[in-house]
Amino acid sequence: MEDTVVGTAVVANPHGIHARPSHAIVSTACEYQARIELRCDGRVADARSILAVMTLGAGEGTSIEVAASGEDAVQAVEHLVRVLQAAEGDAGKEAQNRGESHA
Amino acid sequence: MPHAALFSEHSVLLDLQADDSESILASLVEAMVTAKPELVSRQDEIVQALIAREAEGSTGSQGVGIPHVKLEGNDSVAVAIGVHQEGLDFAALDGEPVHVFVAIVRPADQTDEHLQLMRWIASVAQHQDFVSFARQAKDVQQILDLLTELAPA
């Protein structure tokens, strides 16, 4: 059986993981061959499905476990943890800079 | 209030005919403001906001699109749901055509409530039978029933 690589990210965005961060997560997950799951509060989501990621309903401060298995699992987990934590802040900043309305 | 109760017969479009995503969004917003007339004066603004939002990253996946924006100066959630029988290229990440669209406009605050609403609609949309049942619906009430019946316990 393949080993599972696990990393943890804490949601920093006050808006939580809404659709735009979900999009960034899925885009990143699709770059890797590894099977990747996101886990939080007993819920599990396939990181390649934007609907599944949104069903996590992860708000600010929620700890999300990224679990991957497959030959590029280590890289996938490192990248996704980075995206989960960085994309959140960047998304908020971009929206502020443009002064646009976003959910 | 249960999330499904946000939808009324006015907010359901059984047979979307548009052949591009901008027209789809315009049709959905028209239904939305029919159900919530207080938003009529902001109809164009909402359409443009939804188009801009989708251009940043499609909300399409597994045959369902959930275009949504928050709207300053608006204090309640407005929704619309539409079915496109043939399916439309909505730039979904999985490359699949989108058959069911759920448009949502929400107040600028209420972050937690919005996350719960998105979680709910994503859960309904993820149901293996959601898209096929929606496409088979014969009337508006069957769509409204689906939103209730397929909701997670």
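A residue is called buried if 20 or more other C-beta atoms lie within 10 Å of its own, exposed if 12 or fewer do, and partly exposed in between, with C-beta atoms placed from the backbone. The model described here is predicted, so local features need pLDDT of at least 70 and side-chain atom pairs count only at pLDDT 80 or more, while totals for chains, interfaces and linings use all residues. Residues are numbered from 1 along each chain as its sequence is written, and chains are lettered from A and ligands numbered from 1 in the order in which they are written.

Chain A has three helices and four strands. Both kinds of element are DSSP runs numbered from the N terminus: helices are H or I with at least four residues, and strands are E with at least two. Along the sequence of chain A, the order is β-α-β-β-α-β-α. Of its 103 residues, 48% are buried. Two residues are in contact if their C-beta atoms, placed from the backbone, lie within 7 Å. Among the contacts of chain A with a separation of 6 or more, 73% join residues 24 or more positions apart.

The average for chain A is 82, and 82% of the residues score at least 70. Over residues 88–103 of chain A, pLDDT stays under 50. The model has 30 contacts beyond four places in sequence for that stretch.

Ser63(A) belongs to strand 4 of chain A. Ser63(A) counts as exposed because it has 12 C-beta neighbours inside 10 Å. Leaving out residues up to four places away in sequence, Ser63(A) touches Thr8(A), Val10(A) and Cys40(A). Cys40(A) is 23 residues from Ser63(A) along the chain, yet their C-alpha atoms are separated by 6.5 Å.

Chain B comprises five helices and six strands. Their order is β-α-α-β-β-β-β-β-α-α-α. The radius of gyration, taken over C-alpha atoms, is compared with a globule rule of 2.2 Å times the number of residues to the power 0.38. For 153 residues, a compact globule would have a radius near 15 Å, and the 14 Å of chain B agrees. The C-alpha trace of chain B spans about 35 × 35 × 25 Å along its principal axes. Buried residues make up 47% of chain B. Of the contacts in chain B with a separation of 6 or more, 68% link residues 24 or more positions apart.

Helix 1 of chain B (residues 21–35) has 15 residues. The expected span of a helix is 1.5 Å times one less than its number of residues. Helix 1 of chain B reaches 21 Å from its first C-alpha to its last, close to the 21 Å expected. Its buried residues include Ile24(B), Leu25(B), Leu28(B) and Met32(B). The cover over the buried residues of this helix includes strand 1 (12–13), helix 2 (43–56), strand 5 (78–88) and strand 6 of chain B.

Strand 4 of chain B (residues 68–71) is covered on both faces. His68(B) and Lys70(B) are buried on one side, and Val69(B) and Leu71(B) are buried on the other. In a regular strand the side chains alternate between the two faces of the sheet. Val69(B) counts as buried because it has 23 C-beta neighbours inside 10 Å. Strand 4 runs parallel to strand 6 of chain B (residues 98–107), and four bridges join the two. Strands pair if DSSP finds at least two bridges between them. The bridge partner of His68(B) in strand 6 of chain B is Ile104(B).

A nonpolar core is a set of buried Ala, Val, Leu, Ile, Met, Phe, Trp, Tyr and Cys residues joined through C-beta atoms within 7 Å. The largest has 77 residues, of which Val53(A), Leu28(B), Met32(B), Val79(B) and Ala103(B) touch the most other members. Helix 3 of chain B (residues 111–126) gives the most to this core, eight residues. Beyond its neighbours within four places in sequence, Val79(B) has contacts that include Phe7(B), Met32(B), Ala103(B) and Ile104(B).

The contact between the chains takes 22 residues from chain A and 28 residues from chain B. On the side of chain B, helix 2, strand 4 and helix 3 each supply at least two residues. Helix 3 of chain B provides the largest share, 11 residues.

Note on methods
pLDDT = per-residue confidence, 0-100.
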